[in-house]
2 protein chains.
Amino acid sequence: MSSAAEQKGNEGFKGAKVESVRVTCTAPVNIAIIKYWGKRDETLILPINSSMSGTIDQGSMCSKTTITASLSAKEHTMSLNGERVDFNAKRLQTVFKALLARAEDLVGPLPEKRVLVKKEDWKLYKMNVDSANDFPTAAGLASSASGLACFTSCLARLLNFKEKFKGELSTIARQGSGSACRSLYGGFVTWKMGVKDDGVDSFAEQVVSQDHWPEMRVLIVVCGRGSKAIGSTPGMQGSVKTSALLEYRAEKVVPERMRLMKKALIEKQFETFAEVTMRDSNQFHAICMDTHPPLRYLNETSWRIISLVHEFNKKMGRECVAYTFDAGPHAVLYLLDDVMEDLLSHLLYYHLPQQHGLAEEKGFVSDRLKLITKEVEINGSDKLNGDIKPEDNGVSQIIVSKIGDGPRILQHVVVDEDGNELSLSV
Amino acid sequence: MSSAAEQKGNEGFKGAKVESVRVTCTAPVNIAIIKYWGKRDETLILPINSSMSGTIDQGSMCSKTTITASLSAKEHTMSLNGERVDFNAKRLQTVFKALLARAEDLVGPLPEKRVLVKKEDWKLYKMNVDSANDFPTAAGLASSASGLACFTSCLARLLNFKEKFKGELSTIARQGSGSACRSLYGGFVTWKMGVKDDGVDSFAEQVVSQDHWPEMRVLIVVCGRGSKAIGSTPGMQGSVKTSALLEYRAEKVVPERMRLMKKALIEKQFETFAEVTMRDSNQFHAICMDTHPPLRYLNETSWRIISLVHEFNKKMGRECVAYTFDAGPHAVLYLLDDVMEDLLSHLLYYHLPQQHGLAEEKGFVSDRLKLITKEVEINGSDKLNGDIKPEDNGVSQIIVSKIGDGPRILQHVVVDEDGNELSLSV
């Protein structure tokens, strides 16, 4: 006998009737370098400008989702970080319905390629979604983007969705959470705004892969606790409605920056990359300020990081570190690995000396860095530490990361009515 | 004998040779409601957009200058707030030379109208300038504008300068300090940007007088100590050079706001006035954010005031208070007198309880306000005061004021070689 089950080492699997299918997937966080702010269509989530982001290595942080489709379950259920949430939430449903409508037959392994679940039968299965973020939720770092990207990728695999055109899946993820579409690819990714009313041309596309610029590093600097600031959805609605500058930004400023940034990435020109990244972050926060009432996302610690980066670049004589801030106080720094130690020493010992222990614990204090520390301690740490107030909240965490790949399928398991499992290749 | 001296009650004045002439003048602070940010000509101080401001009552704060022109003095001298400063500073010299070139004969009183100093003789006199700001210099509140307006007005009187066209003196003050030109008039004042290269059409003009809207009040809320922020001259140079949004603001946004604001002032529509004032302040700070590196003028206390005003307006169901911030952290609030008590109670007891004593001392705590206080104290001041931290710096002073008049000549005295004085009417 040469069944699919045997070939995969899954003896016992009959598959006459598939009771459940289980897929586990992880998806990365992405951090915009050209910001998305403002929708032209709230339902389809179509943006008023194109945007670009770096995909963060999933070893540092990611979302993880397991979806189990069961024939015998009575209802769809979902949990996020262990807490029950509503599977019927509008944007989840949009993604679910779009993928269900495009579901294909689930086919077993070669050579038989036996149909295990017919595409018209997927609607008989109930979904159990178990989703979690592998990073502090308090960080407020693009968790909805990675979460929705993960949900979309996981469900797409489960329902055997096949793209009819490149980027189609990203148009579905986009409807779950705009910037989620950018988390479907590794490296640096652009989200093309598109012009069509149905959004079919508003999709994500890889600019360069994660292997293109291996020296690139990403430092996620968590600045204080979660703020009471307005969320990005109502925030951008306010900006679209009231900012006198947003339309000009979207139509005149961003297109040129997209061209500049793409060129800088392809040619690995870090200084241009850094300058455009910082300017675009600042312009996004300028638009927030120009909103009525104004939106404030940066706190004192965020501003300390901004000053620190400009000081550091001045000291180094070039733009060698870039900061960017989304709709929250946390800084993300892009830099090349050759300035990592200098930057960390500057950051940890001049401005955030209370983080010393953390840095050592995390294991990114090298011998050279320890030497620098010693010098700083000798030469005037008291004076330099003088303006750090503990009540500032300050920096609560630093995550050292790099550019990484797109969503990963970790497992794909089919279970028959007798409980026998078939693992499909991932 | 029916001499000029006798007519003015200045017996003994001969005036064959005038040893010195002394003029004392005060000039008001002005607070922009449509902001000036960006020069198209650094030397002539020509702006990239028109602006508008309210003139603050000189009873609350003003600059005061005495200029004594002496024939026997050896050199020009100047002091500011009691400290020697350089009379040869470029912008002071620009004003001085412009007025000296346009000096007229100093003529005694009617009926003789005797020439006391011939216009060609003014250059023989040395100036002693004694200037002071009648408000905390730490406040950083437009002191250069009122100071230069005062210097210009004082010197213009001394040299008997007569305008050839309405606003000519403001074109001279403008070259001393751009926004100084708006301090030459009372009420609400516009500074027309003009289009000519020589700046002859870039002058100030009164929109409505100080009597037009007598209910208007101005609250100057000093937020913390002087900051280390970049000054407005290099700040706006940075914005002109690097902000991608500034030109659009200047060319497309401001002209419409100038029209709206003028109409709102003439028709006394406070809600429009308030909304445009807040939006324009925020847009100015948005431009600062969009500058590379970004300029930050607002601190935590400034933001607390912004939130407080929006909360208060929401509670009141209309835009009844407007905030505005210049290139510093201090808030200026415009409001009508009928909401003054409600606002002060909101400000002092909900958000700044530590200022209670100050408010009583200043004498603007009415019986009604005391009643409100009592209620707040009973109903939960502990809870409300919980988030005030003493190390915030917070609000260090509140000045309650209104719209006032333009520069005032306080005295004009001519002294002959024997020391006899002749007071000219002011």
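**Labels and cut-offs**

Mentor: Of the 426 residues of chain A, 50% count as buried. Keep in mind that this is a predicted model, where local features need pLDDT of at least 70, side-chain atom pairs count only at pLDDT 80 or more, and totals for chains, interfaces and linings use all residues. Residues are numbered from 1 along each chain as its sequence is written, and chains are lettered from A and ligands numbered from 1 in the order in which they are written.

Trainee: What makes a residue count as buried?
Mentor: Buried needs 20 or more other C-beta atoms within 10 Å of its own, exposed means 12 or fewer, and partly exposed is in between, with C-beta atoms placed from the backbone. In chain A, 50% of the 426 residues pass as buried.

Trainee: How many helices and strands does chain A have?
Mentor: Chain A comes to 11 helices and 19 strands. Those are DSSP runs numbered from the N terminus: H or I with at least four residues for helices, E with at least two for strands.

Trainee: Why are α2(B) and α4(B) called roughly antiparallel?
Mentor: Helix α2 (residues 90-101) and helix α4 (residues 168-176) of chain B cross at roughly 155°, and their axes come within 7 Å. Axes are lines fitted to C-alpha atoms, for helices over the stretch in contact, and angles run from 0 to 180 degrees between N-to-C directions. Under 35 degrees is roughly parallel, over 145 roughly antiparallel, 65 to 115 roughly perpendicular, and the rest oblique. So α2(B) and α4(B) are roughly antiparallel to each other.

Trainee: Which residues of α2(B) and α4(B) make the contact?
Mentor: Among them are B:L92, B:V95 and B:L99 of α2(B), and B:I172 and B:A173 of α4(B). Contact here means C-beta atoms, placed from the backbone, within 7 Å. By class, the contact of α2(B) with α4(B) has 6 nonpolar, 3 polar and 1 charged residues. Ala, Val, Leu, Ile, Met, Phe, Trp, Tyr, Cys and Pro count as nonpolar, Asp, Glu, Lys and Arg as charged, and the others, Gly among them, as polar.

Trainee: How do you know that β7(A) and β8(A) pair?
Mentor: Pairing takes at least two DSSP bridges between two strands. β7(A) and strand β8 (residues 83-85) of chain A have 3 bridges, in the antiparallel sense. They form a hairpin with 2 residues between them, and A:N81 in the turn has a positive phi of about 50°. β7 (residues 77-80) of chain A also pairs with β11 (residues 126-133) of chain A, in the parallel sense over 4 bridges. A:M78 stands opposite A:V85 in β8(A), while its bridge partner in β11(A) is A:V129.

Trainee: What makes β2 and β13 of chain A edge strands?
Mentor: The open sheet runs β2-β5-β12-β13 in chain A, with antiparallel pairing. β2 (30-34) and β13 (204-208) of chain A each pair on one side only, hence edge strands.

Trainee: Where are the domains of chain A?
Mentor: Domain 1 covers 4-209 + 409-423 and domain 2 covers 216-402; such bounds come from an automatic or database domain assignment. Their contact takes 27 residues from domain 1 of chain A and 32 residues from domain 2 of chain A. On the domain 1 side, β2(A) gives the largest share, 4 residues.

Note on methods: Contact = placed C-beta atoms within 7 Å.
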